[in-house]
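Please read the points below slowly, with the sequence and the model side by side. They are written as a colleague's note, and each point stays with one part of the chain.

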Amino acid sequence: NVKDVVIFQTHPDGYEFFNKYHVIKERDLYKTYSKYESQIHHFTSLKLAMAWCIFKNQNRYDRFRQLERLNQLLIGYDSSIDIHKHLIRKTKNLENKLVYVAKLIDTKSKKSRTMKELQTCLDESDRLQTKKFASK
């Protein structure tokens with residue numbers, strides 16, 4: 001069925017995937033939702049939003065939930081990194097500054113691991129969709 005592979009750009013910041021899912025850029029996030037559900041998800045990139053649509057469309061519940069979880073971790077890490085950087089700049093106490101630097105390094109390490117996991121998800125979604133395209 002062609003509906004399983006079709007992707008439209010509905011306007012400059014909006015897409016429709018598989019005649020079911022919509023992705024709209026709002027500020028720095030991509031609002032993603034299904035025509036048939038009320039829940040809205042926000043992703044940090046169009047690639048992640050597209051991967052979510054692919055997993056959802058192919059009923060890969062474990063993978064789209066993992067993608068949602070990893071994306072939320074990424075948003076949290078980015079926020080923490082900004083806070084740590086701000087505290088490092090503003091604090092005068094050397095001991096406190098070292099604590100914030102250690103926290104910044106730890107958070108960046110966690111973010112890096114999360115990015116690797118997200119890349120694994122992206123690679124898998126690409127393989128799934130390439131296989132689906134090839135079968136049409």
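1. S125 has 4% relative accessibility and therefore counts as buried (buried means under 20% relative accessible area, exposed over 50% and partly exposed in between, with a 1.4 Å probe and protein chains only). This is a predicted model, in which local features need pLDDT of at least 70 and side-chain atom pairs count only at pLDDT 80 or more, while totals for chains, interfaces and linings use all residues. Residues are numbered from 1 along each chain as its sequence is written, and side-chain values use heavy atoms, with hydrogens and water left out.

2. The place of S125 is helix α3, which covers residues 94-134 (helices are DSSP runs of H or I with at least four residues, strands are runs of E with at least two, and both are numbered from the N terminus). If neighbours within four places in sequence are left aside, S125 is in contact with A51, I54 and F55, where contact means heavy atoms within 4.5 Å.

3. How do α1 and α3 cross, and at roughly what angle? Their axes come within 9 Å and cross at roughly 55 degrees (axes are lines fitted to C-alpha atoms, for helices over the stretch in contact, and angles run from 0 to 180 degrees between N-to-C directions). That angle makes α1 oblique to α3, given that angles under 35 degrees count as roughly parallel, over 145 as roughly antiparallel, 65 to 115 as roughly perpendicular and the rest as oblique. The crossing of α1 past α3 is left-handed, a term used if the near helix is turned anticlockwise from the far one by less than a right angle, with right-handed used if it is turned clockwise.

4. On the α1 side, the contact with α3 is made by K47, L48, A51, I54 and F55, and on the α3 side by L118, C121, L122, E124, S125, L128 and Q129. The residues of this contact of α1 with α3 divide into eight nonpolar, two polar and two charged (Ala, Val, Leu, Ile, Met, Phe, Trp, Tyr, Cys and Pro count as nonpolar, Asp, Glu, Lys and Arg as charged, and the others, Gly among them, as polar).

5. Helix α1 (residues 46-57) also packs against helix α2 (residues 61-90), at an angle of about 155 degrees and with the axes 8 Å apart. The two helices α1 and α2 are therefore roughly antiparallel to each other, and α1 passes α2 in a left-handed crossing. In this packing L48, A51, W52, F55 and K56 of α1 meet R63, F64, L67, E68 and N71 of α2, and the residues of the contact divide into six nonpolar, one polar and three charged.

6. With a relative accessible area of 4%, L48 is buried. Not counting residues up to four places away in sequence, L48 touches F43, L67, N71, L118 and L122. From C-alpha to C-alpha, L48 is 20 Å from K108 in space, and the two are 60 residues apart in sequence.

7. How many disulfides does a search of the whole structure find? The search finds zero, a disulfide being a pair of cysteine sulfur atoms within 2.5 Å. C53 is in no disulfide, and the nearest cysteine sulfur, that of C121, is 14 Å away, too far for a bond. C53 counts as buried at 0% relative accessibility, and C121 is buried with a relative accessible area of 0%.

8. N19, in the loop between β2 (14-17) and β3 (21-26), has a phi near 60 degrees, a positive value in a residue other than glycine, and at 29% relative accessibility N19 counts as partly exposed. R27, in the loop between β3 and β4 (29-34), has a phi near 55 degrees, again positive in a residue other than glycine, and at 77% relative accessibility R27 counts as exposed.

9. Finally, V6 lies in the segment before β1 (7-11) and is partly exposed, with a relative accessible area of 22%. Apart from neighbours within four places in sequence, V6 is in contact with E16, F17, F18 and N19. V6 and E68 are 62 residues apart in sequence and, C-alpha to C-alpha, 23 Å apart in space.
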